[in-house]
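Work through the exercises below with the model open. Try each task before reading its solution.

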Amino acid sequence: MGIWEQLHLNMAAHRLVALVGAGGKTSTLYALVKEGVEAGKRVVVTTTTHMMPHPGLPLTDHMEELPALLERHPAVTLGKFLRPDKLSEAGQPEACLRWADLVVVEADGARLRPLKAPADHEPVIPHGAAAVIAAAGLDCLGKSIGEICHRPQRVCALLGVGEGHLLTPADVAAVLSSPQGGRKGVTEEMAFRCLLNKADTPQRQAWGAEIGEILARQGIFSTVTHYTEKERGGACLF
């Protein structure tokens, strides 16, 4: 089963997808792109925050170049280097739909931590997003908020605990489902999905199932995933 199907998303209905949260965004982004390409779609990868460029995809910082590039390449990255190491936004993602069948957007940052709660300026969900995927890494469980989370003070405030609190499946579900957490900025018109990543042990798979059950009781669909070391970051996909 592919990642689109796992997430109960449809390429025709969910043409603009934003990824937020932590612990699996980039890997999932490129898995979505790869399946889009395999389905014969023209795909644009971009960001509303910052992201590492994929070495296997052509890159432009001018939206006007997209039509010509998409004629020659099934997937193209749109972004500009405003800092030496990462790409920043180079135009509104929704405008890319004039030429692309799918636009997949990294809309949040987590500094490689597996769980976060957003700051006031986060996430940056693009206008017209049809779906939002909130990710979390299951390797955060059993560890303290102060040790493992990005923006730990925000996570503490959301959960009403201190930084020494050891994270439980209920905590992760609460962070993902909260309007101050993974669901921040998600409107009723947007499909909302949660991705529970790094389920690479039986214990983490069980935790993922437990979190999924808690989310399901709130009407939130989720899926449990694991990427191999080769697949992480999507480097091997293109």
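**Exercise 1.** Which residues of α6 are buried, and against which elements do they pack?

*Solution.* This is a predicted model.
- Step 1: Take the helix, residues 169–177, and apply the cut-off: buried means under 20% relative accessible area.
- Step 2: List the residues that pass: Pro 169, Asp 171, Val 172, Ala 173, Val 175, Leu 176 and Ser 177.
- Step 3: Count them against the helix length. 7 of the 9 residues of α6 are buried, which leaves the helix mostly covered.
- Step 4: Find their partners. The strands are β8 (115–116), β9 (131–137) and β11 (191–197). The helices are α5 (152–159) and α7 (202–216).

**Exercise 2.** Describe the largest pocket: its volume and its lining.

*Solution.*
- Step 1: The volume of the largest pocket is about 880 Å³.
- Step 2: Its lining holds 34 residues, and Lys 25, Thr 26, Lys 86, Glu 106 and Leu 112 come closest to the centre.
- Step 3: α2 (25–38) and β3 (50–51) are the elements that give two or more residues to this lining. α2 gives the most, with 4 residues.
- Step 4: Sort the lining by class: 10 nonpolar, 13 polar and 11 charged.

**Exercise 3.** Which element supplies the largest share of the lining of the second largest pocket?

*Solution.*
- Step 1: This pocket has a volume of about 180 Å³.
- Step 2: Its lining includes Ile 3, Gln 6, Ser 27, Ala 31, Glu 35 and His 226.
- Step 3: Two helices, α1 (3–6) and α2, each supply at least two lining residues.
- Step 4: The largest share, 3 residues, comes from α2.
- Step 5: By class, the lining divides into 5 nonpolar, 4 polar and 2 charged residues.

Conventions. Residues are numbered from 1 along each chain as its sequence is written. This is a predicted model: local features need pLDDT of at least 70, side-chain atom pairs count only at pLDDT 80 or more; totals for chains, interfaces and linings use all residues. Side-chain values use heavy atoms; hydrogens and water are left out. Buried means under 20% relative accessible area, exposed over 50%, partly exposed in between (1.4 Å probe, protein chains only). Contact means heavy atoms within 4.5 Å. On a 1 Å grid over the protein atoms alone, a cavity is a set of points where a 1.4 Å probe fits but cannot get out, and a pocket is an open set with protein on both sides within 12 Å along at least five of seven lines; lining residues have an atom within 4 Å of a point. Grid points are joined across faces, edges and corners, and a volume is the space filled by probe spheres set on the points. Ala, Val, Leu, Ile, Met, Phe, Trp, Tyr, Cys and Pro count as nonpolar, Asp, Glu, Lys and Arg as charged, and the others, Gly among them, as polar.
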